[in-house]
Amino acid sequence: MIHEALFYLWNCPGDLFTMNSEEEWINSVDVQDFLHPGERKLLQRIMTIALKYHHIQEFIKTVGNQHLIMYEIINKEVDISKIDVKPGLYVKAFCNGVDEVLDDYRKEIINLEEMLLKNPQLTLTYVLSCIEKFLTLFEALTSMINFIKREQIHGCLLIGKLQTYIDYGVAPVAKSANRIIQAINTVFYRHLCNWIIYGDLVDTCNEFFIGDANCADENFLYPEQLKESENTTIEIFHDSFKKHRIKQPAIVKKFYLRTEMVPPIISLETAETILFIGRVVWIVRNDPKRYSDDKFHLKFKRDVWEGKDAEHYRKLQALESHPINLAVFDKTIEECRLKLTKYLWKIMVEEANLLDHLQLIRDYYALGRGELFQQFIVAAEDHLKETPTDYIITNLNFIFAETARKLYTDNDKTYLRFELSLPRTQERNADDDSNPWTRLEINFNVQWPLHILFHPKAMNLYNKLFCFLLRVKKTHIDLHKLWLLHMEGKQKIDPSLWTLRNNLMFIVNNLQYYLQVDVIEAQFSILKNSVQNANEFEDIIRLHSRFLKNLLNNTFVLAAEEPTEQEAKHTLYQIPTLKYEENSLVYKTILEILHLCDEFCLTVSIWESELTELEQNELLRLKNHSDVLIEKLLHLLYSLHEKASGHHLLQLLHHIDFNRWFSKNNAGLNLTVAY
């Protein structure tokens, strides 16, 4: 009987122990007749321990057959939501750890059998005394298994959930939980090491807290790339972009943080850092200059760790032998992050010449090369009148290239990296169709890996600034053309017309000076100095985002907005916190003034020296309109300065109303406090 009890404890039922529950065994007629009540009680307690062991073994067996479950899921024979335990490497590692923990129990059964063979007089009490110490352990293991089944715990979440059992208060349970977590850590740290060191993510069961979207990141795709990516895989992208004159930037694969899978013991900030590190490694290792179709030729991949990848791999792997110590874990991750960000900073600044790119942005998007755009606008203005709409952009690009070539000859060919375009807008009106200057954009050939910094959204913001500055520049040119026309004509000009023209020129000249010197030149100087003093790639991302925000806010293109939530510390994609939905009131008012200037130039240029009554009425209307707009702009700048305490608002106010040019003759404008 004792031998049969040992077999049952080993999960090998015999003639006496054929039932799967205590109730069936107690109610059995054979048991009632055969055993003494005391023996039956002892066997019942032995059976309780054996049944718990059986349930644990059954769970291990079920998980061991997960390849069959996966086959049924793939073939849609089984609904995954109806499965108690989701298949995966982590739950399998859990079972391996549990099986390792059960070795002590199995060794105890073998020892009992050896003792029974040597001494057949052993009692059930002795057997129970030897195995009863495992009851607490089995209850803890059963609790773990039931929790996994009930809560559908999956993947690396197991690490955090099992951490509580280390503090169980019972030494054998804590020791066993530690061994099980070590088994799970083996899988977790393989995932982590491959992601951090090589940027690889092999996760067929979606168990890691970082997910692979298996597509390009739309945040780094231009509109034309998005259209091509709808039915195109990443591998095809490398060939498809050769059709464009301006080379499209390299594809950035989309990886994302699965917050619901982050182990509770790991902070969300650390998880975001791990995501950031892996994405950086993927980008650097997939340098298009070193891209090879043969995926096994790793020598063509850029060495991110500069020959120390094995050292960092071992550092991470060494952590798997213990439960996660948050301080040590975070410190090791931070060491990897610092190494990578400094390496990427070196590539950006030294290899990709970030400062030269910033200078090109300054020269072209911010109209730093005023002489080029001055001559381009003058040359293009005459050609546009006779050019059909379908050929406008082609002619503009030709004129732009020819103007730059004549101006700079062969000494400077940076203009070849730029191309003009006229995007189609959803809301188009007659003015947009007849005046391409209101929507002209410029495209830039961004080198790898600067496409992370100058992503599509950032370039779109630069184009908003470019379009606005170009509009101001053209209005400035038109007003000076009108002045030249009046001066060359040597005719008597109506004093009211002369005064209005001077007022409009005064506003536009001072507006342009404010934009180019007080805002653009100052902000670019701050950015360049900050980039030179930075030593991490993430610093450059933050500095550039802050620069764009200040640039667009101080030029009034878009108003700044306070961040509604805390920004992630470690992120590849960052956009300025601006009010994208609508333009600022100052910007709208400036556009109205520019539109008035255009109307004034167009109307007055065909007038004779002697004005008719209709022309005098039109001049009076234009003057009154300009007075209203100027007064509105001054009041806006002053009132917003009081509310927002914006120094830039006061700067523009001082420029436009220099020496109280407007306010001294208008009793309604009381701006003395501003001065």
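User: What makes the crossing of α22 and α26 left-handed or right-handed?

Analyst: In this predicted model, α22 passes α26 in a right-handed crossing. That name is used because a crossing is right-handed when the near helix is turned clockwise from the far one by less than a right angle. The axes of α22 (residues 495-533) and α26 (residues 647-656) come within 9 Å and cross at roughly 145°.

User: Which residues make the contact of α22 and α26?

Analyst: Contact requires heavy atoms within 4.5 Å. On α22, F506, I507, N510, L511, Y513, Y514 and D518 take part, and on α26, H648, Q651, L652, H655 and I656 do. The residues of this contact divide into 7 nonpolar, 4 polar and 1 charged.

User: How do you know that the end-to-end distance of helix α11 agrees with its number of residues?

Analyst: Helix α11 covers residues 171-198, which is 28 residues. At 1.5 Å a residue, α11 should span 40 Å, and its end C-alpha atoms are 39 Å apart, so the two values agree.

User: Where does α11 bend, and by how much?

Analyst: The bend lies at N185 and amounts to about 30°. Just after α11, G199 takes a positive phi of about 70°.

User: How many of the residues in the protein are called buried, as a percentage?

Analyst: A residue is called buried if its relative accessible area is under 20%. Buried residues make up 49% of the 675 residues in the protein. The protein has 26 helices and 4 strands.

Technical notes
Residues numbered from 1 in each chain as written. Predicted model: local features only at pLDDT ≥ 70, side-chain atom pairs only at ≥ 80, totals over all residues. Heavy atoms only, no water. Helix = DSSP H or I, 4+ residues; strand = E, 2+ residues; numbered from the N terminus. Expected span 1.5 Å × (residues − 1). Bend = angle between axes of the 7 residues up to and from the residue. Axes fitted to C-alpha atoms, helices over the stretch in contact; angles between N-to-C directions. Nonpolar A, V, L, I, M, F, W, Y, C, P; charged D, E, K, R; others polar. Buried < 20%, exposed > 50% of the residue type's maximum accessible area, 1.4 Å probe, protein only.
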